[in-house]
Amino acid sequence: MHPSAIDPGSLPPGAWQRHYRFVEQPPPEAAAAFAFSPPAVGWAVELDDAAAGAGRLAVLAIPCTDPEESPWQERARSWAEGGAAGGANCSTVILQHALVLTGCGRLAVLAAEDRLEALARAAVETACHDLQLGDLERELAGNWAEWQADVQLTQTFNERTLARQDRFRRRFGEVTDLALRAARLAAPIHAPHVHPPTLASQVQERLRDRRHLAHRHETLTDQLGTFQQFYEGCWHRVNDHLLARSSRILEWTIIVLLGLQILLSLYEILGSLPAQ
Amino acid sequence: MRYLSIDVLRTFAIAVMVLVHFCENLAGVTPPFTGLGAPLFAFLSGVSYRLLVAGYERKGRSEEQISKISVRRGLFLLGLGFAFNVLVWLPEDTFNWDVLTFIGFGLLVLNLARDLPPPVLVLLAAAIAGVAPVLRALVGYDAYWTQGDYEGDLTLHDLFVGWSVAGYFPVFPWLAYPLAGFVVAPRVFDAADASRQALLAGVGLAAVAALLLALRGLFPDRIAQAFLQGWGMFPATIEYLGGTLGTILVVLVLLHRWLDCRPAAAAGGCWAGLAQQFSRYALTIYVVHHVVHLWPLWLLADRRAGETTQHWGQATSVPTAVALAAGFLLACAACLRRFGRDGRGGLEAWMRWVCD
């Protein structure tokens, strides 16, 4: 068995392993799911199959009175780190005899049995926001070069660059979509501390700090704002150009018609001149 | 970027012109396919100019540089056209307004019009085509043509009329071809939908021309005589313009889909390389084919102390003229295969050296 894998049969009594995926729409009533606490909007739906995949989170919960002394700590850590390709360090939060380990797509919670469910839910919620923020960051990074290249194309707007209007419209839509998704995350990520605090709320706040969610969200929002402003400007310029183009076509139509009239008059005059 | 579809069409235009000119000038016979080459040549000048400008823009040339190159190319062709008229058609035909002077002037116009919105260019082309019959009626077109040839006096009035309406290739209506080529080029070669619009426009134009030809008898006499003069190249009638332009559009789109969009179709064919060579040296071949069949006529007649044009149109029989034309084309193919691989030499290289 892989060192990062855990045989469910070997887990201590009261421990469990679940897999979640996140949805933004209310799941069917029959589904095992829990809603995120306000102001977050979303649901974590429990999955039957254990297959890992993008946007899925595996949660391992182990009851123990003192996680730092528990023999399960190292196994839980290596399991949490095993989610990433090649292994990666996981974030650790230790608070009031509770231990939360957050890896890539994996989350391990070690705490007293009566606190385990609440802690797991709080950690799952933060992990969901972390995953969503990560997705947005990856999408932005993937599009960065292409979007930056557009800056070169916006130096001039003329007849031959008119074909780019669809591209700017599409890009503006893409950037706005990312910005909206980022805006939706703002409320839970920048939520003030809960009062009176609970162990779950404090763990959630610490996980947010440990994963730099607020800073990452601000950076992402700033970057998206820059591109949004750029494409909005492009879109305005394209619209202005289209409006000016319509006027120009009308003007030139009049000019062509006047030219024809002048031409016909000129030839009439030429025809009426006496032959040499 | 070279498009094989353009090369094939230009090669076809050159081959048609060579055959027609040999038959007309040596045997005095006008072949039935006369009138297909010049419209194609004029149309492709607009297409090539659009692609040339796009290429310069990609290379980062400024608008001013592109304008200067365009004007120099236009003036080069105008000058070459007049020199061609003097040296090939002899000085009395300096101002016969042949195809080279027309294409040179067309380039000057395209340079001025290249930033106009396409709908304006389409309107301009349509207006030029539509007003031409009226202008011909106003200037008395038939008075300038005797025995199938343009005969204008060396007066300012006749020069203007010849250039604009009555010459072999006057601005009205022939300028419609390069304008159409300029408008169509991006819609064929840059279009995502594989030039469907251009294909429909071509089919529509050809259909309208066919309808006008078929229904000519139903129109009132005045309209039929002034506007619908049947199928004819001199003068270029509305039916002729619509029919040739529509056919060219359809053929260009089909060739583009067949050859340019599926390079495998042309890969390995020696005809493709030959078409490229003929297309690359089309201007040189156009000038040279006149020189090789007209100068001997003039020199022979001059040597016999007769009228210089004494043998024009009656030097050979039709089969001999066709054989000579075919021989010329074969000789061109051999020469191009031997000397034309590097793209140097020829009038085209001179034009690039002077203008670019």
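From H1(B), the contact takes Leu4(B), Ser5(B), Val8(B) and Leu9(B). From H11(B), it takes Val251(B), Leu252(B), Leu255(B), His256(B), Leu259(B) and Asp260(B). By class, the contact of H1(B) with H11(B) has seven nonpolar, two polar and one charged residues.

H11(B) also packs against helix H9 (residues 196–214) of chain B. The axes of H9(B) and H11(B) come within 7 Å and cross at roughly 150°. That makes H9(B) roughly antiparallel to H11(B). The crossing of H9(B) and H11(B) is left-handed. Among the residues that H9(B) brings to this contact are Ala198(B), Leu199(B), Gly202(B), Leu205(B) and Leu213(B). H11(B) contributes, among others, Ile238(B), Glu239(B), Gly242(B), Gly246(B) and Val253(B). By class, the contact of H9(B) with H11(B) has 16 nonpolar, five polar and one charged residues.

## The sheet of chain A

Chain A holds an open sheet of seven strands. Their order is S2-S3-S1-S4-S7-S6-S5, and the pairing is mixed. Strand S2 (33–35) and strand S5 (91–95) of chain A stand at the edges. Each has a single partner strand, so one side of each is left without a neighbour in the sheet. Direction ignored, neighbouring strands of this sheet are turned by 20° against each other on average.

| Strand pair | Sense | Bridges | Residues paired |
|---|---|---|---|
| S1(A) and S3(A) | antiparallel | five bridges | Phe22(A) with Ala44(A) |
| S5(A) and S6(A) | antiparallel | five bridges | Ser91(A) with Thr102(A) |

Strands of a sheet pair through backbone hydrogen bonds, either parallel or antiparallel.

Helices pack on this sheet as well. Helix H2 (residues 113–153) of chain A lies across strand S1 (16–23), S2, strand S3 (43–47), strand S4 (56–63), S6 and strand S7 (106–111) of chain A. H2(A) runs at about 155° to S7(A). Helix H4 (residues 199–210) of chain A touches S5 and S6 of chain A. The direction of H4(A) makes about 150° with that of S5(A).

## Where the chains meet

Chain A gives 16 residues to the contact between the chains, and chain B gives 15 residues. The side of chain A that touches chain B has eight nonpolar, four polar and four charged residues.

## Confidence

The model scores ipTM 0.74 and pTM 0.73. Chain B averages a pLDDT of 90, and 97% of its residues score at least 70. Chain A has a mean pLDDT of 83, with 88% of its residues at 70 or more. Within chain A, confidence is lowest in S2(A), at a mean of 77. It is highest in S7(A), at 90. Where pLDDT is low, the predicted coordinates should not be read in detail.

Key. Residues are numbered from 1 along each chain as its sequence is written. Chains are lettered from A and ligands numbered from 1 in the order in which they are written. This is a predicted model: local features need pLDDT of at least 70, side-chain atom pairs count only at pLDDT 80 or more; totals for chains, interfaces and linings use all residues. Two residues are in contact if their C-beta atoms, placed from the backbone, lie within 7 Å. Ala, Val, Leu, Ile, Met, Phe, Trp, Tyr, Cys and Pro count as nonpolar, Asp, Glu, Lys and Arg as charged, and the others, Gly among them, as polar. Helices (H or I, at least four residues) and strands (E, at least two) are DSSP runs, numbered from the N terminus. Two strands pair if DSSP finds at least two bridges between them. Axes are lines fitted to C-alpha atoms, for helices over the stretch in contact, and angles run from 0 to 180 degrees between N-to-C directions. pLDDT is the predictor's confidence in each residue, from 0 to 100. Angles under 35 degrees count as roughly parallel, over 145 as roughly antiparallel, 65 to 115 as roughly perpendicular and the rest as oblique. A crossing is left-handed if the near helix is turned anticlockwise from the far one by less than a right angle, and right-handed if clockwise.
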